[in-house]
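Please read the following note beside the sequence and the structure. It is arranged as numbered points.

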Amino acid sequence: MQVNEYKPLIVAFCCNWCSYAGADLAGNNRLNYPADVKIIRVPCSCRVNPMFILRAFQRGADGVIICGCHPGDCHYTSGNYYTRRRMALLFSMLDFLGIERERTRLEWVSAAEGAKFAATMNDFAETVAALGENKRLEDLRCKK
Amino acid sequence: MQRIGVFVCWCGSNIAGTVDVQAVSEALKTEPGVVFFTNYQYMCSQAGQDIIIDAVKEHNLTGIVVCSCSPRMHEATFRKTAAAAGLNPYMVEIANIREQCSWVHKDMASGTEKAIILGKAAIAKVNLNAPLTPGESPVTKRALVIGGGIAGIQTALDIADAGFPVDIVETKPTIGGKMAQLDKTFPTLDCAACILTPKMVDVAQNDKIRIFSYSEVQEIKGFVGNFDVTIKKKARFVKEEICTGCGACVEKCPMKKIPNEFNLGMDNRRAIYIPFAQAVPKVATIDPSACNMLKNGKCGVCSKVCTAGAIDYTQKDEFINEKYGAIVVATGFNPISMDKFDEYAYNQSKDVITSLEFERLTNAAGPTQGKLLRPSDLEHPHTIVFVQCVGSRCAACAEKGKEYCSKICCMYTAKHAMLVRDKYPDTEVYVFYIDVRTPGKNFDEFYRRAVEEYGVKYIKGMVGKVTPEGNKLKVRASDLIAGKQLNIDADLVVLAVAIEPDKSARPLATMLTASMDTNDFFTEAHPKLRPVESPTAGVFLSGACQGPKDIPETVSQASAAASKVIGLLVKDKLKGNPCIASANELMCNGCSTCANVCPYGAITYIDKEFPMFDRTMQTRRVAQVNPAVCQGCGACTVACMSGAMDLRGFASSQIIAEVDAICR
Amino acid sequence: MKVSYFPGCTLKNKAKILDVYARRCAEVLGVTLEEIDNWQCCGGVFTSKDEPGSKLSSVRALKFAFEKSQPLVSVCSACHNVLKQTNHLMQSDEAFCTKVNRYMAEDSAYDGSTQVYHYLELLRDVVGFDKIREAVVNPLKGRKIAPYYGCLLLRPSSVMQMDDPENPTIFEDLLRALGAEVVVSSMRNECCGGYVTMEKPEFAKKKSLDITSNMQAMGADMIATACPLCKYNLDKNSDAIPTVYFTELLAEALGVKEECDNA
Amino acid sequence: MHNDSRKIADEIILRSGVNPRRCMKCGKCSGTCPAYEEMEYHPHEFVYMVESGEVEPLLNSKSLYMCLSCFACVDRCPRGVEPAKLVEAVRNAYLRQQDNKHMNADDVPAKLDDDLPQQAIVSAFRKYRK
C-alpha cells in the first residue's frame, strides 16, 4: 500500500503582465513544478490585499507566494513597489504571529523567466513541504 | 444566482493527455450555479464556439467557465463568443488547465485534481461576476509634437496630411534639429540641407501646422484623447508676426562675440540672431544674456534699424493652453560631454573635435565655408585620425560613457573619411575601429567603398592617448592586426562621440508619466510589436528619443508614429478597459489615500450630497475614478482603509472566492 | 593645525630636499607635520591586494594617524599612492581588512577611516590656494613651468580621487598661485619609466625624453614634480630642461628657500 | 597539461578580481601602454590569453617585469577590465612557484648609480621577487 505522502497547499498570486505570463512560459517549455501550486491571476501584484493572504492561511493554505514584475518593469509603473512595502509589513506581522517566515514569499518573475518561475515554485513547494502543515492560522471551523 | 455553463477543452491531447477531461467536467457539475457542462476537443474552434453559443441559448446561461489554455491566449476569443450569444463578454472566466496544469504536471491523477480545483475557482469567481461595459471618452482632434527635428517634422507633416491640426513645440529659435547641422547624408551623399529645408518650408506653409519655436512644454494634464497642455513661449523680444527675417538688425548689432551654438561655438554670432539662413520661422531672436539693451538699457540699435518695427524689448514669456488628443515625443539626442575622456585631449586642444563639429567644418554654410581647416590655425590638415566608439559601449563599472552602441557613428565616420579623401586626396585618413557595424541598406557597400575606392586606412584598434605638441597631435594607438603600437603625428583628431537623449526628455517623461530606461531613452510599449507607442496611452515616440537612430530609421519611425496618431484621432470616442477601480461612495471617507497611490492621477475628490435617514442632506467628500485614465492596476483597492475602493473584474469578493475555492 | 606625516625612505636619503622644503613651507602656512613614530618603508609600489603582508607598514602608519585623529600626509607620490590604495582596501574590502587586522594582532582593529592627503591636496583642501597666494613673498614671475604629475598621483583615479585623471588642474593651480606661468602638457600624466630604469635605463630614457621634449615643445623651461623617481628619470635623461621638486618652488615663493638650503 | 594551465588561469582570475570576459577587444590598453615596445605580450594579450587559459607563455615572459604599474590601461579601459591587475596576478603566480625570481640581490649593486632613489630599488625588488 502506498504511503499517503503529505501534499502542501500553495496559493500563488501572479500579476497578469509578467509573472502569469512567466507561468505560461514555464508551461510552454514543459517545465515541471508540483501540482500543489494553484495560481490566481491578478492585474498587478499591488492588487494583492494582505487580507487575501490571511484568508488563504485561515482556509488552510500552507504557503502563499506573490509574484510580480521586476522592480522598474511594472506594467503600471510603480505597482510592484507598493507590493514590496506592503509585503514587508505583512511578513513581519506574520512573523510576529508565529507563522514561519518561509511560508510566505515575494518573487519577481518576468514574462521571459519561465525557468525561474518553475524553479521558484519547486523551491517554494519543497520549503513549505518541509515545514509541514500550517496549523497556527488555520480556522478549524473551515475544515469540512 | 448565476446559471453557469462549464466547457472543458481537450486541446487535442495537450490537455486530455494529462488531465481526465471527462472527470473534470463531471466533478464540476455539482458546483453552485452550474447548470450545464460538457467537454470538447477544441473549444476555440468554430464548432467549439457553437457549442457554447447553443448552450447559452438553450440553458439561459448567465455565466461561462472555459477550462482551456491560458486566458492570455483565448480569453478575447471566448468573450467574443459570449457576445455573439448575447451575453456580456465579461461574464466569461477561463480556468488555465493547459499552461498551468497539463503542460507542467506529468501525473494524470494530480493533474486532474488540480484542473478540478482551478475549475472550481473559476466557477466561484463567475458566480460573483457582473456585466461590465467599457467607458467612452471623446477625442480632441489635434496632435502635439514635442521637438522640431527631422523626426518631429516628418510626424507633423504626415498627421497634417491626414487632415488633423498639429502643433510643433521646439526649444530652439528654429526647427530643423541636428539634421540642419549636417553636411552630407549617408549612404547616398546627398546634402542634408537640400532634403531637409524643403520639408521645413512645407511645415511653415502647411495651414494645419503651427510652430511654437523658442518654446517649451510647461505642463501636461489629462489623458489619451484629452490632454491639456501649457506651452511656454519664451520672450524672443521680436514680434514674430511682423519680423520679415531681413537680417538688418543682425548686421548692425554691436555685440559680435557670442559663441554661435549652431556652429558649436566654432565661430561667433550677434546678440540678435537668426540661427541659419534657412531657419523656420525666419525671424530674429535676441539673446537676453548677451544683449546690452536688455541687460542695462544701453544700445537699442536693432530697434532703430528695423523698418518693420518688430523689436520689442518689453516682450514677456507667454503661456498658451491647448487641448490635444495625442502627443508625440521627438526630443532627439545630443553628443555626450567629453569631460571624462580627456586622454583624447578634447579639452586641451582645439584640433581635437567631435564628429558633429566636423560636419560644421565641412559644411558650406559652416564657420570655414566648407573648407576643411583646422580650428587652431586655419591650416589644411594633412593627417586626420578618426576615433570610433568614444564613450559608446562602455561598461557600467568603468563609470564613464554609455553602455549602448550609438549606432550611427560607423556610418558617418565612413562618410567623413570618404569625403575628405574625395576632396583632398593629399590627406592621410586613419579610422580606428573596434568593430565596423554597417547593417542597413547599402551601408556595408558604402563602408567598403571608403576603404577600396578612397583608400581610407581602417585600423582595428583603439587610440589610447592624444598629446598636443606644437602644431601636431601625437596619437598613440594600437594596431591589433599588425600587433603594433602606432605613433601618428596628426593634424586633426575627430572623435565619434556617443549620443545620449536630450536633457529635456527626463522632466518631460515625468510630466507624461511615460516610462524611460536607465539611459533616459523613452521605453516603447512593446519592443517588437508596439515600437512607436509609449506604454502611456496617447503618447507616441518618434526618432532618437527612443534609441539611437540614423535619418532613414528616424523618418520611418516618425511616419509610423504619425499613422498611430491618425488612427487615434479619426476615432470620435475611445473605448476604455472596463476592469477599472470604482469607489463605493457610501463607504468612502474622503481620506485621499487612494489618490496618493494612483500612478495615473486617475482619482479625484468631489463634494457630493447624500440623503440621510432624517431626510436631510449631508455633503461629503468622496473619491471619483476617471474611467478614461484608470488602467486597473488595483493599487488603490489595497490602500483604501474603509474598503470602499474595489476593482471591477477583479473584485475583492471574487479573489476571496477563488482563494476559498482553492483552499477548500 | 597638526597632521601626521609619512616621509618615506627616499625623503630621508636621496630626496632630502623634498622633505626639508615641505616641512618648512608647511610651518609657514600654519601646518605642523608631525613625523610618525617608527614608520617603515611603504614598499614603493602597490602590487595587488593579494599580498596583504606587503601592506602592513602602510596600515601601521594609517593606524598611527587614526589614533591621533589626524590626517596622514605624504609628499612622495609613491608613498601617497601606496598609502591611499591600502587605505581604500581597508575601507572597501572586508576580507582584506580582517586578514590585515589579524596579522597585526593589535588591541584595536583599524577600519580605514584615516583621511589620506598628498601634500598637494593638503595645500588645496586644508590650507587653500588663496591663502598661499597671499603668503607668497617672492612670486615666480616669468617662469614657464610645466607641472608633471606622473602616474602615481592620479591613478587609479577611482581610488586616488585627487583630480580629473586626464586633465588635472591641482598642480597648475598651485603654480599659478605662486605666480608662475604654467605650461600645460598632455604628457603630464604619462609614466617616466619608473623603477624599470634600474634594469633598462635606455627604456626609461626614451619614456622620459618623450615627456621632457613635449614639455619643452609646449614652451616650458622647467618641470616641477612631486616624485623622487620621476625627478631622477627626467633629470638624468634630459639635459635640456631641469626638473625640480614642487616644494622647492613653494619654498622659493614663500621666501624660505635660502634658509632651508643653509640649514 | 592543458588542464593545469586552465587551473592556473582560473586562479589568476580569482586572485586578481579581474573579469577578462568583459573585454571587448578594442585594444585601447595596448594603445595607451607606455611599455608596449618592451613587451613581448601586451596588455590586451594578457587579458585574452588568461581568458583562454593560455598562461604558460605569460608566466615565462619578461613582459611581466616591464609593466610599470602606471595604471593607464586600468583608467582608460572602456570596459573596466583592469589589465594591469591581471599582469600583476600573473607575475605573482610565477614568483610564488618555488625558486622563481627575476633578479638576485647580488645583481643590484652593478645597476645602481649615485642618484638612483631608494624608491626605485624597493619597487623593483617588490616586483622581481616574492
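1. The centres of domain 1 and domain 2 of chain C, taken over C-alpha atoms, lie 23 Å apart. Domain 1 of chain C covers 2–120 and domain 2 covers 135–262; such bounds come from an automatic or database domain assignment. The model is a predicted one, in which local features need pLDDT of at least 70, side-chain atom pairs count only at pLDDT 80 or more, and totals for chains, interfaces and linings use all residues. Residues are numbered from 1 along each chain as its sequence is written, while chains are lettered from A and ligands numbered from 1 in the order in which they are written.

2. The contact between these domains of chain C takes 24 residues from domain 1 and 23 residues from domain 2, where two residues are in contact if their C-beta atoms, placed from the backbone, lie within 7 Å. On the side of domain 1 of chain C that touches domain 2, helix 1 (16–28) and helix 3 (77–92) each supply at least two residues. Helix 1 of chain C gives the most to that side, with eight residues.

3. Chain C as a whole has 12 helices and eight strands. These are DSSP runs (helices: H or I, at least four residues; strands: E, at least two), numbered from the N terminus. The C-alpha trace of chain C spans about 55 × 40 × 35 Å along its principal axes.

4. Of the 263 residues in chain C, 59% are buried, that is, 20 or more other C-beta atoms, placed from the backbone, lie within 10 Å of their own.

Definitions and conventions. Buried ≥ 20, exposed ≤ 12 C-beta atoms within 10 Å, placed from the backbone.
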